[in-house]
Amino acid sequence: MIIDIPDGKDPIGYVWGELVPGIGTAASNYSLAVYSHTTLGLREFEAARLRIAQINGCVFCLDWRTERDGQKVEDTFADAVTQWRTTDAFDDRTRLAAEYAERYALDHHGLDEEFWSRMTTHYSQAEIVELSMSIGSWLAFGRLNHVLGIDAVCVVPKF
């Protein structure tokens with residue numbers, strides 16, 4: 001870890017809550033809101049989230065699977081996300097979610113009219129904004145945890 005964590009302290013709680021309470025608490029609430037207030041389907045949500053986890057290399061995020069009403073994506077889903085261009089496991093919305101996450105993280109200047117035409121065919125404007133905010137949260141906070149070396153000890157509360 002890059003940050004010295006006092007003995008007996010939870011690394012995530014300490015970094016996010018105690019070191020920078022004015023920022024960390026707000027960031028935590030934003031991160032939690034992405035999960036608790038989403039209107040996106042589980043598969044497109046997880047495709048985007050896992051693609052960002054793969055790009056960030058966040059240990060915890062790679063192992064985490066979002067659960068909704070007792071349902072999670074299948075065990076092979078992460079492999080399909082890696083192969084989002086060619087997998088037959090995805091419908092158009094799920095494939096676009098993985099593509100958007102990757103391009104958002106790696107080539108946001110390359111999001112052209114052709115891409116947006118496909119997105120607006122499959123997603124409403126509200127869903128595009130929600131997906132964008134979700135991807136932004138995962139990109140920023142997963143990367144923050146990985147860069148600081150606390151991703152191996154991250155625990156996200158159940159909703």
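Predicted model: local features only at pLDDT ≥ 70, side-chain atom pairs only at ≥ 80, totals over all residues.

Guide: Leu19, Val20 and Ile23 make up a nonpolar surface patch, and together they have about 270 Å² of accessible area.

Visitor: Why does Leu19 count as partly exposed?
Guide: Its relative accessibility is 41%. Buried needs a value under 20% and exposed a value over 50%, so a value in between is called partly exposed. Leu19 lies in helix α1, residues 11-19.

Visitor: Why does Asp69 count as exposed?
Guide: Asp69 has 80% relative accessibility, and exposed means over 50%. Asp69 sits in the loop between α4 (59-63) and α5 (77-82).

Visitor: What phi does Asp69 have?
Guide: A positive one of about 50°, although Asp69 is not a glycine. Most residues other than glycine have a negative phi.

Visitor: How do you know what span to expect for helix α3, residues 42-56?
Guide: The expected span is 1.5 Å times one less than the number of residues. α3 has 15 residues, for which 21 Å is expected, and its first and last C-alpha atoms are 21 Å apart.

Visitor: What makes α3 mostly covered?
Guide: Twelve of its 15 residues are buried, among them Leu42, Phe45 and Ile52. The cover over these buried residues includes α2 (21-36), α4, α5, α6 (92-106) and α8 (125-147).

Visitor: Which residue follows α3?
Guide: Gly57, with a positive phi near 75°.

Terms used
Residues numbered from 1 in each chain as written. Heavy atoms only, no water. Patch = residues over 30% accessible without salt bridge, like charges linked within 9 Å, V, L, I, M, F, W, Y side chains within 5 Å. Areas by Shrake-Rupley, 256 points an atom, 1.4 Å probe, with all protein chains shown as cover. Salt bridge = Lys/Arg side-chain N within 4 Å of Asp/Glu carboxyl O. Helix = DSSP H or I, 4+ residues; strand = E, 2+ residues; numbered from the N terminus. Buried < 20%, exposed > 50% of the residue type's maximum accessible area, 1.4 Å probe, protein only. Contact = heavy atoms within 4.5 Å.
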